[in-house]
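Here's a quick briefing to read alongside the model. Have the sequence and the coordinates open, and we'll go topic by topic.

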Amino acid sequence: MRGSEPDDGGAVTRPTRIHVVSDVHGNTEALARAGDGADALICLGDLVLFLDYADHSRGIFPDLFGVENADRIVALRTARRYDEARAFGRELWAGRDRNAEILGAVRRQYAELFAAFPTPTYATYGNVDVPDLWPEYTRPGTTVLDGERVEIGGRVFGFVGGGLRTPMNTPYEISDEEYAAKVEALGEVDVLCSHIPPEVPELTYDTVARRFERGSPALLEAIRTTRPRYALFGHVHQPLVRRMRIGATECVNVGHFASTGTPWALSW
């Protein structure tokens, strides 16, 4: 992180620069550099890597069950054969303590990822994250926000974590009503930060997975009524459209950080 450089009168003359990442999915090495040259880092969630759909050898699932089984589960999910995927998963987990093994693996990833966060970092949860574990690893300099606001460089940022319920049944999926209540609690903000996008087809369609991910109607309504300068999000790894304007608001998918290793930058 860089420091302020006052002019002779004591006022800061340079702009504020914020770096934003989402969908880190275990890319600890790049995360440690993500704040370089910025005044703060914002992380929009999905720290955990359960299964890499581009490289089936990476993640908690192949570590536990091997690459061949990872290939099969990806093929079933990609074909939207969710019932078969769940049945296959139950076969693999038979006789094993699923919760204990997954939580142990998540804890190992969180220990490395939270240690890589620069100071200051402002973070919210993704749909594959486990919020109950975050207090164990959050260090001074990292602020976790969900349905909450913070001022950075004179602008108000609002944060909404998690995802909406889907057949994938990832760890932090909540009801539309609970999600909408968090959005409403923010009120008017300059920058609306969330893990999932607003419910706009161009922003929710993944061109590689060939499916629509779930976007939030509540986020879309907030954008239309409160008119933040920016709405920042991730979740859709290969979106049809990465950036579009809705009224006065610039909506930006900040990118699949696990693949790019490059944060999106906002300056003012």
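Let's start with V254: leaving aside neighbours within four places in sequence, V254 is in contact (heavy atoms within 4.5 Å) with V20, V21, S22, L44, L232, F233 and W264. Keep in mind that this is a predicted model, where local features need pLDDT of at least 70, side-chain atom pairs count only at pLDDT 80 or more, and totals for chains, interfaces and linings use all residues. Residues are numbered from 1 along each chain as its sequence is written, and side-chain values use heavy atoms, with hydrogens and water left out.

- V254 sits in the loop between β14 and α10 (257-260); helices here are DSSP runs of H or I with at least four residues, strands are runs of E with at least two, and both are numbered from the N terminus.
- With a relative accessible area of 7%, V254 is buried (buried means under 20% relative accessible area, exposed over 50%, and partly exposed in between, using a 1.4 Å probe and protein chains only).
- From V254 to A105 it's 149 residues in sequence and 27 Å in space, C-alpha to C-alpha.
- E250 belongs to strand β14 itself (residues 249-253).
- E250 is buried too, at a relative accessible area of 13%.
- Not counting residues up to four places away in sequence, E250 touches R229, Y230, A231, R243, M244 and R245.

**How α3 and α4 pack**

- Helix α3 (residues 67-78) and helix α4 (residues 82-93) pack at an angle of about 155°, and their axes are 8 Å apart; the axes are lines fitted to C-alpha atoms, for helices over the stretch in contact, and angles between N-to-C directions run from 0 to 180 degrees.
- That angle makes α3 roughly antiparallel to α4 (under 35 degrees is roughly parallel, over 145 roughly antiparallel, 65 to 115 roughly perpendicular, and the rest oblique).
- The α3/α4 crossing is left-handed, meaning that the near helix is turned anticlockwise from the far one by less than a right angle, while clockwise would be right-handed.
- On the α3 side the contact uses N69, R72, I73, L76 and R77, and on the α4 side Y82, E84, A85, F88 and L92.
- Sorted by class, the contact of α3 with α4 has 6 nonpolar, 1 polar and 3 charged residues; Ala, Val, Leu, Ile, Met, Phe, Trp, Tyr, Cys and Pro count as nonpolar, Asp, Glu, Lys and Arg as charged, and the others, Gly among them, as polar.
- R80 is in the loop between α3 and α4, and its phi is near 60°, a positive value in a residue other than glycine.
- At 44% relative accessibility, R80 counts as partly exposed.
- W93 lies in helix α4 and is buried at 7% relative accessibility.
- W93 touches L64, F65, R98, E101 and I102, not counting residues up to four places away in sequence.
- W93 and N169 are 76 residues apart in sequence and 16 Å apart in space, C-alpha to C-alpha.

**Aromatic rings**

- A pair of aromatic rings is described by the distance of the centres and the angle of the planes.
- The structure holds 14 aromatic pairs (rings of Phe, Tyr and Trp, the last by its six-membered ring, pair if their centres lie within 6.5 Å; planes under 30 degrees apart are stacked, over 60 edge-to-face, and the rest tilted).
- F114 and W134 have ring centres 5.1 Å apart and planes at 80°, so this pair is edge-to-face.
- F114 in helix α5 (residues 98-116) and W134 in helix α6 (residues 134-137) are 20 residues apart, so the pair links distant parts of the chain, and both residues are buried.
- One aromatic cluster is formed by Y110, F114, F117, Y125, W134, Y137 and Y172.

- The peptide bond from T119 to P120 is cis, with omega near -5°, and P120 lies in the loop between α5 and β3 (121-123).
- D46 has a phi near 60°, a positive value in a residue other than glycine.
- You'll find D46 in the loop between β2 (40-43) and α2 (60-65), and at 3% relative accessibility D46 counts as buried.

**H237**

- H237 is in the loop between β12 (230-233) and β13 (243-246), partly exposed at 24% relative accessibility.
- Leaving aside neighbours within four places in sequence, H237 is in contact with D23, H25, D206, R242 and H256.
- H237 and S175 are 62 residues apart in sequence and 22 Å apart in space, C-alpha to C-alpha.
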